[in-house]
Amino acid sequence: MRRIAAFVFLCWSVWQLPAHAQKQWSVADIFTGRVQTGRPPAEMSWAPDGKRAIYIGDNGDMMQMDAATGKTSKLLDHEKLAPIMNVQLGEKDRDHRARYGEPDYIWAPDSQHLLFDTNGTLWLYDLKSGTGMEVGQTGQGSGDDPKFSPNGQYISYLHDHNLYVGRPSGQAVALTSTHEPTLLNGEVDWVYLEELDVRSNYFWSPDSRQIAYLQMDEASVPQYPIVDWIPTHASVDEQRYPQPGDPNPGVRVGVVSINGGKTTWIRVPFDQGNDYVPRFGWVDPHVVWIEVLTRDHKHLNLYFADTRTGDSRLVLAQNDDRFFDEAYDVHFFAPGEFLITSWRDGHTHMYRYTYVASNPLAGEAELAGELEKGDYEVSSVKSIDLTTRTVYYVSNEGDPRQQQIWSVKLDGSQKQKVSSSEGYHDPDFAEGTSTYFDHASSLMTPPSFSLCHAEGASCQTIWRGKLPEGYELVKPEMLELKAADGKTILYASLLLPKKSSGPGSVPLINNPYGGPHAQTVRDSWGGAMFFFDQLLAQQGFAVLHVDNRGMGGRGRDFEQAAYRNFGPVQLSDQLAALDQVLARYPQLDRNRLGWWGWSWGGTFTLNALSHADRFRAGVSVAPVTDFRNYDSIYTERYLGLPEQNKEAYDAASALESAKNLKGRLLLVHGTGDDNVHFANSIQYIQKLIDAKIAYDFQPYPRKTHSIAGPVAHTHLFERILWQFETYLKPTGAAQ
């Protein structure tokens, strides 16, 4: 669910055009691409040697850039790329590629070849000769996770739930040969992809002789039917989807030789059908590491295992009395050393551990030190340069609404900020180097794309977005408010229309996300969603965004406010913030309040309209109406098991409070939503019918959680605008 947080509700910039140049915002202009800010470089990827990078330019050509000089040249013409890149994908495949960043191509280890995954067919392209050849047929659909062996001699991929390996010029052979449709060898299922950020479930050994893979047994996982009603004869996609309390996939890690033969299964203490393996990989050619997360999310254990015997040893145990912050990555950067991030001291920081490189199973890992500390969050480790023993990372030190690039030595010395401009920086480093591409933006500045060298503190701008020509952007007020506890600071933004006729003249729309692990009030550019806020302001509405307790980016205590609490603490913060804003801005009309949200924010809308009588209209998009309907990994992290925490589930359930709904509701859902199932809205509608409460419902056939596409988005946001125009304007004031 947290993925939609990156899609919604960002707040924006200070900029204004002369009156004679102003255009009127419209939903169609925003969501069909007529509001232009430029097309940034796409699918940027560094060569393994770090000497050059490739990306897709604004006209569709594949470009290459020299890392030392920044010089660019065309690598592949868009006409040659079109048959490879523009494959026909289904709605779910398109949505997954967009949401999870699944690549269309990967580099070979020699930095001279590219492998394209084109909807199941693998094409190997030689950069020197400019020729390509088909090297594998992986079947229907994309996402078959092709990889080169470290020595570049083999290509592996997944097909029919099995793992295949072959030479680029030869026939691939199956390393696994199970035939049960519920047994996945090296394949990632939906909940691991969505909730654990897993992008691959198999990895080559450093010597290219073995592959470690995760086998998932989904036989006991219940199925959910996703129905396509468009054809004359409807079809059903049965999705394996564990809900709270259901059996999880049974998982185990195995190691198999590239010559085939029997898999060696690693013996790790594990509760099958319950516990998770968020990450695993190789320590050296004979030892793998495996991370085990218990189902209650309170124990995260790291094991080393000998691949020759299958024996394992616990080397690092981490415990929390509530839940972890989803920082599962382990960075093995040199023999005998690794890094993790943890919020054990109250904020997420980096910790270096050592072990006996010559015999990793000889003892437990030892803490060598915390690399940095303070009242801020480290978002992620980006690069570890061993030549200078420097770690490059991003954090929100200095302002929780920003993200900056920082560096620190592996001994914890010489910490310094690398990025220089205010706002939000999302760097992509060449592995193990200080060279990176910086994707940067701020509230008033559209995204830019620069080639940077951290050691020389220099950047060369490659591409810069432009402000939408002819449109007025009104500055939101950036606010610091108090939570319902009277002491915790909440960050907020308020966008006011330029004109108001006096006290109580402006209706206010509250637009929070509210859920865990998300930040929406940030000093970054947000494109279409901010433009929609501008349209609402143009139409005379004020728009409020508030990040309440239980959300992310503010430390352990702030986020763990969501523990066993999916509604009361969040709503109390929003109402407290709303009261402060109404008191501070007399032009706002406390009698004409609206609320809308998407995903967790959609659930929040239903709870707000049922637990408060202050909102005349609301829009709930793709809501979880009862968290018993959502997936096990996400929900149990916060609410525990339903049979053990019934009161927490009941308090979070919009179904339980539907009979108390006030105001005019528009409920929106895609029938093909494989994240928050369509059943959520159907169940809620039944509760409204039972309570004799009027409602509006807008389904989107085949659409997934994002309801993506210009046609659907235009229709949806026109409908949202109509909802507030009708029920919050003076002529539509009646409920």
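Which backbone oxygen lies 2.9 Å from a polar atom of the side chain of N396? I went looking, keeping in mind that this is a predicted model. I found the backbone oxygen of G553 at that distance from the N396 side chain.

**Entry 1: N396**

I started by placing the residue. N396 sits in the loop that links β29 (390-395) to β30 (404-409). Buried or exposed, I wondered, for N396? I got 7% relative accessibility, and since buried means under 20%, N396 counts as buried.

Next I checked what else the side chain does. Besides the G553 oxygen, the N396 side chain reaches the backbone nitrogen of E377 at 2.7 Å. I then listed the contacts of N396, skipping residues up to four places away in sequence: Y376, E377, Q402, Q519 and G553. Both backbone partners, E377 and G553, turn up in that list.

**Entry 2: G594**

I moved on to G594, which I located in strand β40 (residues 588-598). Its relative accessible area came out at 1%, so I put G594 down as buried.

What does G594 touch, leaving aside its neighbours within four places in sequence? I noted L508, I509, N510, F615, A617, F724 and L728.

Now for helix pairs. I log two packed helices by the angle between their axes and the distance between the axes.

Helix α5 (residues 528-538) and helix α13 (residues 710-728) have axes that come within 12 Å and cross at roughly 30 degrees. Angles under 35 degrees count as roughly parallel, so I wrote α5 down as roughly parallel to α13. I have the crossing of the two as right-handed.

From α5, the contact uses M529, F532, L535 and L536, and from α13 it uses F717, I720 and L721. I sorted these by class and got seven nonpolar, no polar and no charged residues.

**Entry 3: α7 against α8**

I found helix α7 (residues 568-584) packing on helix α8 (residues 600-611) at an angle of about 75 degrees, with the axes 11 Å apart. The range 65 to 115 counts as roughly perpendicular, so that is how α7 stands to α8.

Which residues of α7 and α8 meet? On the α7 side I have Q570, L571 and Q574, and on the α8 side W600, F604, N607, A608 and H611.

Definitions and conventions. Residues are numbered from 1 along each chain as its sequence is written. This is a predicted model: local features need pLDDT of at least 70, side-chain atom pairs count only at pLDDT 80 or more; totals for chains, interfaces and linings use all residues. Side-chain values use heavy atoms; hydrogens and water are left out. Helices (H or I, at least four residues) and strands (E, at least two) are DSSP runs, numbered from the N terminus. Buried means under 20% relative accessible area, exposed over 50%, partly exposed in between (1.4 Å probe, protein chains only). A polar contact is a pair of N or O atoms within 3.5 Å; within protein, one must be able to donate a hydrogen and the other to accept it, and residues adjacent in sequence count only if both atoms are side-chain atoms. Contact means heavy atoms within 4.5 Å. Axes are lines fitted to C-alpha atoms, for helices over the stretch in contact, and angles run from 0 to 180 degrees between N-to-C directions. Angles under 35 degrees count as roughly parallel, over 145 as roughly antiparallel, 65 to 115 as roughly perpendicular and the rest as oblique. A crossing is left-handed if the near helix is turned anticlockwise from the far one by less than a right angle, and right-handed if clockwise. Ala, Val, Leu, Ile, Met, Phe, Trp, Tyr, Cys and Pro count as nonpolar, Asp, Glu, Lys and Arg as charged, and the others, Gly among them, as polar.
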